[in-house]
Amino acid sequence: MEFKTKKNNCTSCLFPLSMCLCQGSKSRIKIPFKIIFVMNKSEFYRLSNTARLFLMRVHPCEIRIRGLKETPLDYKKFGEELSSSENFLLFPHEESKKMTS
């Protein structure tokens with residue numbers, strides 16, 4: 001996936017070219033489940049966006065962006081997709097249950 005960036009930034013990881021994370025291995029890790037990140041549009045271009053790094057290195061993985069006027073997130077459709085398989089919601093909350101392996 002390529003993005004519009006500043007002149008001296010990588011179009012994939014968005015880091016400055018001198019710190020590009022795309023250099024080297026382009027291999028992706030295959031996992032037996034799908035990771036879906038839901039994020040606000042304001043978070044997407046942050047360098048601290050770990051979801052974007054997952055998207056580059058883990059498969060299957062996708063990012064759903066909320067807050068876009070052109071393509072709003074369809075929560076009903078998203079809910080239907082999630083109800084068709086076993087899912088885990090990861091969200092920080094004071095009453096969250098701790099996951100164990």
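Tutor: pLDDT is the predictor's confidence in each residue, from 0 to 100. It applies here since this is a predicted model.

Student: What is the mean pLDDT of the protein chain?

Tutor: Of the residues in the chain, 87% reach 70 or more. The mean pLDDT of the protein chain is 81.

Student: Which element has the highest mean pLDDT?

Tutor: Among the elements of the chain, helix α1, residues 50–57, has the lowest mean pLDDT, at 85. The highest mean, 90, belongs to β2.

Student: How many salt bridges are there?

Tutor: The cut-off is a side-chain nitrogen of Lys or Arg within 4 Å of a carboxyl oxygen of Asp or Glu. By this rule the count is 3 salt bridges.

Student: How many residues apart in sequence are the parts that Lys34 and Glu62 tie together?

Tutor: Lys34 and Glu62 form a salt bridge, with their closest N and O atoms 2.6 Å apart. Lys34 is in strand β1 (residues 29–40) and Glu62 in strand β2 (residues 58–66), so the parts they tie together are separated in sequence by 28 residues.

Student: Is Arg64 buried or exposed?

Tutor: Buried means under 20% relative accessible area. Arg64 has 13% relative accessibility, so Arg64 counts as buried.

Student: Which residues are joined into one salt-bridge network?

Tutor: Arg64 meets Glu62 in a salt bridge of 2.4 Å, N to O. Arg64 also meets Glu81, at 2.6 Å. Glu81 lies in helix α2 (residues 75–83) and Arg64 in strand β2, so this pair ties together parts 17 residues apart in sequence. Through shared partners, the salt bridges join into one network Lys34, Glu62, Arg64 and Glu81.

Student: Which residues make up the largest nonpolar core?

Tutor: A nonpolar core takes in buried residues joined through side-chain atoms within 4.5 Å. The largest has 6 residues: Cys10, Cys13, Phe15, Cys20, Cys22 and Met56.

Student: Which residues does Cys22 contact, leaving aside its neighbours within four places in sequence?

Tutor: Cys22 is itself a member of the largest nonpolar core. With those neighbours left aside, its contacts are Cys10, Ser12, Cys13, Met56 and Arg57.

Student: How many residues does the other core have?

Tutor: This core lies apart from the largest one, and its members include Met39, Ala51, Leu55 and Ile63. The core has 5 residues.

Key
Residues are numbered from 1 along each chain as its sequence is written. This is a predicted model: local features need pLDDT of at least 70, side-chain atom pairs count only at pLDDT 80 or more; totals for chains, interfaces and linings use all residues. Side-chain values use heavy atoms; hydrogens and water are left out. Helices (H or I, at least four residues) and strands (E, at least two) are DSSP runs, numbered from the N terminus. Buried means under 20% relative accessible area, exposed over 50%, partly exposed in between (1.4 Å probe, protein chains only). Contact means heavy atoms within 4.5 Å.
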